[in-house]
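Colleague: I would like to learn how to read a model like this one. Can we go feature by feature?

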Amino acid sequence: MEIKFGTDGWRGVIGYDFTAGNVSVVAQALADYLLSRHTQPLCVIGYDTRFMSDIFAREIAQVLAGNGIKVLLAEKPVTSPVLSFATRELGAAGGVMVTASHNPPVYNGIKFKGPYGGSALPETVAAIEDKLSARVISRAPTNTSNIETFNPEEKYINHLMTIVDINKIINSGITFAVDPMYGSAQGYFQQIFAACPSLVQEIHSEINPSFGGINPEPIAKNLGELSNLVSSQGYTAGLALDGDGDRLGVICSNGIFMNSHQIFALLLKYLVEFKHLKGAVVKTFSTSGMIDLLAASYGLAVHETPIGFKYICDLFLSKDILIGGEESGGIGIKGHLPERDGILCGLLLLEYIAETGQLPEQLLQTLFNHIGSYYYDRRDVPVSPQAKARFNDAVLNNPPETIAGLAVTEIKTLDGIKFCFADKGWLLFRFSGTEPLLRLYAEASCPAQVQKLLHEAQLLIDDIEK
Ligand SMILES: O=P(O)(O)OC[C@H]1O[C@H](O)[C@H](O)[C@@H](O)[C@@H]1O
């Protein structure tokens with residue numbers, strides 16, 4: 001079974017291609033990569049709450065240890081940002097996180113982290129992938145002294161406290177609900193607000209390998225329970241984290257979902273207007289035009305990258321970046337890590353609410369008053385391998401001149417195929433790099449137009465399927 005890396009490391013179906021055998025092949029490739037660049041590397045390993053993630057993490061540890069690499073293995077599930085933070089703090093040559101993030105329960109995966117505490121850069125991932133052909137796998141015995149366990153949480157939480165004013169949130173009288181979606185972000189908010197436990201209610205805060213039948217992706221259709229809880233209990237907000245805690249979803253006090261573009265824009269607004277910070281802004285190809293407009297209004301440069309936080313991370317490492325974010329809900333902030341972090345973003349949003357005394361929906365209204373209204377939605381469509389193979393040619397050889405009544409003014413192909421319209425709208429077709437799905441992303445100035453665009457996109461795919 002071929003091991004093929006995707007948008008972020010490797011994902012596979014547990015027991016089909018994601019097996020102990022294949023995991024040890026990937027671990028051996030990582031060991032070969034680390035040893036080709038360091039004389040005595042240290043590697044930090046973390047894992048989420050998925051089925052067998054802890055066992056796969058131990059397998060990776062034993063292969064690295066068998067190659068003479070010193071390993072620090074988390075003693076309990078951690079979020080990906082916590083693992084990134086530990087990688088940087090402990091001066092490790094690299095980090096490994098066993099997680100399939102937001103994907104359905106049948107998946108597991110491996111993400112690689114660099115010594116700077118963020119996604120491994122594309123060239124690093126390619127170099128590890130190049131070493132996958134190793135035939136001999138060295139595995140240390142279970143009692144090896146090369147593996148030690150550790151708990152990275154306390155230092156991470158102390159670090160967050162240096163960025164966010166927790167007392168401001170406590171003293172503001174805010175109450176909120178948290179949904180870690182049975183993932184590895186469970187318990188963090190309760191620890192951070194331990195001095196005032198009545199402030200926060202957490203749901204889905206135990207291990208459940210089926211994720212309660214809902215994919216751990218913090219988007220509207222998966223957050224019905226959180227939405228009902230927030231509106232029925234009168235909470236100020238609801239915060240939802242994905243399976244490995246690097247993405248954030250938000251529910252407003254009225255139970256309405258706030259999408260990732262809106263969270264990104266609000267955080268940018270807060271950092272500039274209230275924290276008086278500066279720096280360039282990074283967004284991926286599927287992220288809202290709101291970000292460009294907002295950044296321009298502050299005189300900040302915007303960089304656009306393909307989808308995948310590794311590209312944003314690259315820019316964090318080489319330029320002065322204030323904030324970088326993605327449609328998928330991952331946002332990184334200056335002064336933390338070159339990495340997205342759902343917990344930090346959630347705390348900053350609470351701080352914004354505390355600072356202004358405005359509810360999340362009121363903050364959104366202020367944003368719309370500043371830059372106008374933007375609406376967005378996404379559809380994920382299963383596509384046959386035949387249609388996938390024909391897709392680019394079918395669309396690019398005979399591109400539509402109008403879609404849903406809007407004239408196409410430009411076609412961009414940085415990642416997928418994006419049709420831009422004269423008004424602020426756009427429609428993007430892009431194959432997921434983590435699941436066998438075609439993603440249709442659309443933005444327009446009214447919700448009905450968004451749905452029309454998605455409908456026409458679906459018709460176009462149906463045509464290619466015929
Ligand atoms: O390729 P997709 O399934 O759309 O997923 C895209 C996402 O993949 C991973 O989760 C990466 O870590 C993210 O940075 C990226 O946004």
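Predicted model: local features only at pLDDT ≥ 70, side-chain atom pairs only at ≥ 80, totals over all residues.

Colleague: Where in the chain is Ile 203 placed?

Modeller: Ile 203 sits in the loop between β9 (200-202) and α8 (224-233). Beyond its neighbours within four places in sequence, Ile 203 contacts Ala 177, Asp 179, Glu 225, Leu 226 and Leu 229. Ile 203 and Ala 295 are 92 residues apart in sequence, and 35 Å separate their C-alpha atoms in space.

Colleague: Is His 204 buried or exposed?

Modeller: Buried is the label at 20 or more other C-beta atoms within 10 Å. His 204 has 20, so His 204 is buried. His 204 also lies in the loop between β9 and α8.

Colleague: What is the phi of His 204?

Modeller: Near 50°, a positive value in a residue other than glycine. Met 52 is another case: its phi is near 65°, also positive and also not in a glycine. Met 52 belongs to the loop between β2 and α2. Met 52 is partly exposed, with 18 other C-beta atoms within 10 Å.

Colleague: Which residues of α1 are buried?

Modeller: First the general idea. An α-helix has 3.6 residues a turn, so residues three or four places apart point the same way. In α1 the buried residues include Val 23, Val 26, Ala 27, Leu 30 and Leu 34. Ser 24, Gln 28 and Tyr 33 are also among them.

Colleague: What do the buried residues of α1 pack against?

Modeller: Strands β1 (10-13), β2 (42-47), β4 (94-98) and β5 (107-114), and helices α2 (53-66) and α4 (122-130).

Colleague: What surrounds the ligand?

Modeller: Count the shell, then sort it by class. Here 14 residues surround the ligand, and the closest are Asp 8, Phe 309, Ser 432, Gly 433 and Thr 434. The shell has two nonpolar, eight polar and four charged residues.

Colleague: Why is the ligand said to lie between domain 2 and domain 3?

Modeller: Domain 2 (156-371) and domain 3 (375-465) both give residues to the shell, so the ligand lies between them.

Terms used
Residues numbered from 1 in each chain as written. Buried ≥ 20, exposed ≤ 12 C-beta atoms within 10 Å, placed from the backbone. Helix = DSSP H or I, 4+ residues; strand = E, 2+ residues; numbered from the N terminus. Contact = placed C-beta atoms within 7 Å. Near = placed C-beta within 6 Å. Nonpolar A, V, L, I, M, F, W, Y, C, P; charged D, E, K, R; others polar. Domains from an automatic or database assignment.
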